[in-house]
Amino acid sequence: MIRSFLVCDAPLGLMLISDKINRIPTCMILGITNITLSLNVLSPFLAGFMIPGKPIGVMVFKVFSTITLGQAQVYCADLKLAHYMKVPPRVTFMCQVVATIWASIVQIAVMNWTLGNIDEVCTPTQPGNFTCPNGRAFFSSSIVWGVIGPQRMFGPGAMYAQIQWFWLIGALLPVVFYVLIRVFPRSKLRFLNAPVMLGAMAWLPPATPLSFSSWVIFGLIFNYWIRRRWGGWWHTYNYITAAGLDSGLILSTIVIFFAIILPNVSIPQWWGNTAPYETMDSLYTAVRKTVADGETFGPKKW
């Protein structure tokens, strides 16, 4: 691990500098659209080119670059909430510092307790659905970007080299939308937003279609139906309601875990808590083709 830090030192400094530059536009997009843009794909992609064959170094690079930007975005969101609640910025900052120190202790303690006390934790068949989707996605990312490396997949002459054109498409889309909005200012084209259209896909994986469908349903209810019908309520309480729902979710998760899951209490079975685990995503059956014995996946020579 120490060697990985030393290997990553120079490119990590460059990434942190560029990350500071990215904070302002990404936080503006977050404030306007509630879409969190991150470097969780771009950073290992670049690190895989700079330090190929070093998965731990690539992941250290990814964590530092991604978390720096992510924490800046979360802090901006908290400052916005504090502004609505008439809480001074200095008080908000001190609350963040204390909460960060406390959370770092609690999260490590909870992780160690979980790994040592929950049977079959982080396996696809875990009875309580403690399957660790984020951890599994992070591990897969270390293999893809650190062990295999982007050069073999996206380099000149590689199987997926044509995907590199999407960098150019992603850079041109905002310009195209801007021109269309200027030419047709009153058309529905003004609702097109490239970061919203493309940024949400960064959550796949570990998010599932169920997560996106729930997001769409509640987004349409609050930001279309309620906003059009009860505009005054929406402007006054919508943001606070969203923060309250997030807080309520966290509190209910803690209560459900300690009151129901941990003591193995049987709960009523109905569509809401059974159907999500009967989907192809949950059953790991969303596979188009499998590799037979003796066959390999990918090119015969990289």
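**Transmembrane segments and aromatic contacts**

An unreviewed UniProt entry lists residues 27-50, 91-110, 165-184, 196-225 and 237-262 as "transmembrane region"; UniProt positions follow the numbering used here, and such annotations may be inferred rather than shown by experiment. The model is predicted, so local features need pLDDT of at least 70 and side-chain atom pairs count only at pLDDT 80 or more. Residues are numbered from 1 along each chain, and side-chain values use heavy atoms.

Residues 91-110 are 100% helix and 0% strand, with the end C-alpha atoms 28 Å apart. Residues 237-262 are 96% helix and 0% strand, and there the end C-alpha atoms are 35 Å apart. Helices are DSSP runs of H or I of at least four residues, and strands are runs of E of at least two.

Aromatic pairs number 13. Rings of Phe, Tyr and Trp (its six-membered ring) pair if their centres lie within 6.5 Å; planes under 30 degrees apart count as stacked, over 60 as edge-to-face and the rest as tilted. Phe130 and Phe257 are edge-to-face because their centres are 6.0 Å apart and their planes at 85°. Phe130 lies in the loop between helix H4 (89-117) and helix H5 (133-148), and Phe257 in helix H10 (residues 231-261), so the pair ties together parts 127 residues apart in sequence. Phe257 is buried at 17% relative accessible area, where buried means under 20%, exposed over 50% and partly exposed in between (1.4 Å probe, protein chains only). Phe130, at 25%, is partly exposed.

Ring pairs also link Phe45, Phe49, Trp145, Phe154, Tyr160 and Trp167 into a cluster.
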